[in-house]
Amino acid sequence: MFRIISTARLAELDNLTSAFPMVRSKCDGLEKDLEKEQRRTTELTAKAEQDTARFRQELADVTQQADARVAEARASVQRAQQQATALIDGATKRANDIERRADQKVRELNAQIEQLKAKLPHPTPNPEGVVARYQNLVGALIDLTLFVTEDTNAETGYGYSSKAVDLKLVSLCSGCGYREEETREQVYDNPEARTSFLENTYEGAKLKRWAQEHAEMCRAVALPLQRAA
């Protein structure tokens, strides 16, 4: 059965038919543009993948170099620590060796001092004429000995000889040999004259002070006793 189409519908179809070539041409143009954009997208994707691969390679190279430098730095630090440890160990060993030898030397010296002390009479008798005695830091004695010598040439005011003496006070260290002396000539030999000589600030008292100061500083080991006028 035939369908009747109105004139208006026929006119519309006719218009659509006349416009179809234009739409077709535009559609072809859009398809070409789409293909062009697809190719451009493909090229950009490939370029992006290349750039990404290059970046990853560069990053891997930089990371590898950094790891190598870190490893080298750690090795250098380790070597420095080993060298420092070796130096410290060597210094400690030398210090311990020096301390050991010093202790051994001190023990030997103390033993020698004890041997020398053992050879001395105990207690040491006071020699004749010793009026004062001091002891230094290691046991050596500093003796002050009074020597009295008769002076036969002395005369009194009456023209005849009288017993007069010369007094000599000697300070002698039996360790190092330090010696000092003071004299007073032509005095009457009596206790008052001797006491005056021994207690005088510029004679006997001075030698006593010097002997005591010497004893506080001297470290000489005692030698066989030496006495001299």
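The legends below walk through several close-up views of this predicted model.

Two notes on reading them: residues are numbered from 1 along each chain as its sequence is written, and side-chain values use heavy atoms, with hydrogens and water left out. Because this is a predicted model, local features need pLDDT of at least 70 and side-chain atom pairs count only at pLDDT 80 or more, while totals for chains, interfaces and linings use all residues.

**Figure 1**
The protein has three helices and four strands; helices (H or I, at least four residues) and strands (E, at least two) are DSSP runs, numbered from the N terminus. Along the sequence they come in the pattern α-β-β-β-β-α-α. Of the 229 residues, 19% count as buried, where buried means under 20% relative accessible area, exposed over 50%, and partly exposed in between (1.4 Å probe, protein chains only). Among contacts with a separation of 6 or more, 51% are between residues 24 or more positions apart; a contact means heavy atoms within 4.5 Å.

The mean pLDDT of the protein is 82, and 86% of its residues reach 70 or more; pLDDT is the predictor's confidence in each residue, from 0 to 100. Helix 1 (residues 7-119) has the lowest confidence, at a mean of 85, and helix 3 the highest, at 91. Over residues 156-161 the pLDDT is below 50, and beyond near neighbours in sequence this stretch has five contacts in the model.

**Figure 1. The largest nonpolar core.**
A nonpolar core is a set of buried Ala, Val, Leu, Ile, Met, Phe, Trp, Tyr and Cys residues joined through side-chain atoms within 4.5 Å. In soluble globular proteins, nonpolar side chains tend to be buried together. The largest core here has 16 residues, and those that touch the most other members are Ile142, Leu144, Leu146, Leu167, Leu169, Phe197 and Leu198. Two or more residues each come from strand 2 (141-151), strand 3 (164-173), helix 2 (191-199) and helix 3 (204-217). Strand 3 gives the most, with four residues.

Leucine 207 is found in helix 3 and counts as buried because its relative accessibility is 0%. Leaving out residues up to four places away in sequence, leucine 207 touches Leu144, Leu169, Ser171, Glu180, Glu181 and Glu182. Leucine 207 and leucine 169 are 38 residues apart in sequence, with 8.0 Å between their C-alpha atoms. Serine 171 lies in strand 3 and, at 1% relative accessibility, also counts as buried. Beyond four places in sequence, the contacts of serine 171 include Ile142, Leu144, Tyr178 and Ala211.

**Figure 2. Arginine 184 and its polar partners.**
Arginine 184 sits in strand 4 (residues 179-188). Its side chain makes a polar contact of 2.3 Å with the side chain of glutamate 203, and another polar contact, of 3.3 Å, joins the side chains of arginine 184 and serine 196. A polar contact is a pair of N or O atoms within 3.5 Å; within protein, one must be able to donate a hydrogen and the other to accept it, and residues adjacent in sequence count only if both atoms are side-chain atoms. Arginine 184 is also in contact with Phe197. Among the other contacts of phenylalanine 197 beyond four places in sequence are Leu146, Leu167, Leu169 and Gly204.

**Figure 3. Helix 2 against helix 3.**
The two helices pack at an angle of about 45 degrees, with their axes 4 Å apart. That makes helix 2 oblique to helix 3. Axes are lines fitted to C-alpha atoms, for helices over the stretch in contact, and angles run from 0 to 180 degrees between N-to-C directions. Angles under 35 degrees count as roughly parallel, over 145 as roughly antiparallel, 65 to 115 as roughly perpendicular and the rest as oblique. Phe197, Leu198 and Glu199 in helix 2 meet Gly204, Ala205 and Lys208 in helix 3.

**Figure 4. Glutamine 186, with a positive phi.**
Glutamine 186 is in strand 4. Its phi is positive, at about 50 degrees, although it is not a glycine. Most residues other than glycine have a negative phi. Glutamine 186 is exposed, with a relative accessible area of 52%.
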